[in-house]
Amino acid sequence: INVTPWVQRLFFVHTYFVYIYVFYMFVLAFYKGYALEYPRYRLWLEMLMLTVIPALQHIRFYFGHWGCEYGLVWDLCLFCIFGSLTMLLL
C-alpha cells in the first residue's frame with residue numbers, strides 16, 4: 001500500500017521539468033565555453049556530465065517510485081545513492 005501518494009505526482013512533475021533544466025544547463029555550458037577561457041577538455045567533460053544527468057534522474061526516479069510504492073530497503077538505498085550522484089554532478 002502506497003502511504004505517500006503525493007510523492008508520485010511530485011516525481012511526475014520533476015521528471016517533466018528536468019529536461020528543461022538540462023537544456024538550460026547545455027545553453028549555459030556552451031555560452032560559458034565561448035565567453036571564458038577554459039581548457040578544451042573541460043568543455044567536453046562538462047557536456048558529458050550534463051548528458052549523464054537525465055539517465056541518473058530516470059534511474060533515481062525508478063528506484064524512488066518502487067521504494068515509495070513497496071517500502072523496500074534496497075530500492076530506497078539505491079534512490080539515495082543515485083540522488084547523491086546526481087547532486088554531485090550538479
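Buried means under 20% relative accessible area, exposed means over 50%, and partly exposed is in between, with a 1.4 Å probe and protein chains only. F82, at 18% relative accessibility, therefore counts as buried.

Before I go on, two notes on the source. This is a predicted model, in which local features need pLDDT of at least 70 and side-chain atom pairs count only at pLDDT 80 or more, while totals for chains, interfaces and linings use all residues. Residues are numbered from 1 along each chain as its sequence is written, and side-chain values use heavy atoms, with hydrogens and water left out.

A pair of aromatic rings is described by the distance of the centres and the angle of the planes. Rings of Phe, Tyr and Trp (its six-membered ring) pair if their centres lie within 6.5 Å; planes under 30 degrees apart are stacked, over 60 edge-to-face, and the rest tilted. How many aromatic pairs does a search of the whole structure find? The search gives four. One of them joins Y62 and F63, edge-to-face, at 5.2 Å centre to centre with 75° between the planes. F63 also pairs with F82, and here the rings are stacked, 6.1 Å centre to centre and 0° between the planes. F63 lies in helix α2 and F82 in helix α3 (residues 73-89), so this pair ties together parts that are 19 residues apart in sequence. A helix here is a DSSP run of H or I with at least four residues, numbered from the N terminus along with the strands, which are runs of E with at least two. Y62, F63 and F82 form one aromatic cluster. As for accessibility, F63 is buried at 18%, while Y62 is partly exposed at 49%.

Next, a contact between helices. Contact means heavy atoms within 4.5 Å. Q57 is in helix α2 and T86 is in helix α3. Are these residues buried or exposed? Q57 has a relative accessible area of 5%, so Q57 is buried. T86 has 0%, so T86 is buried too. Leaving aside neighbours within four places in sequence, Q57 is in contact with H14, V18 and T86. On the same terms, T86 is in contact with L56, Q57 and R60.

Now the largest pocket. A pocket is found on a 1 Å grid over the protein atoms alone: it is an open set of points with protein on both sides within 12 Å along at least five of seven lines, where a 1.4 Å probe fits, and lining residues have an atom within 4 Å of a point. The largest one holds about 170 Å³ of space, a volume being the space filled by probe spheres set on the points, which are joined across faces, edges and corners. Which elements give two or more residues to its lining? They are α1 (5-35) and α2 (40-70). The lining residues include M25, L28, K32, E46 and M49. By class, the lining has eight nonpolar, no polar and two charged residues. Ala, Val, Leu, Ile, Met, Phe, Trp, Tyr, Cys and Pro count as nonpolar, Asp, Glu, Lys and Arg as charged, and the others, Gly among them, as polar.

W44 lies in helix α2 and is exposed, at 55%. Its C-alpha atom is 9.9 Å from that of F30, 14 residues away along the chain. I20 is in helix α1 and is partly exposed, at 39%.
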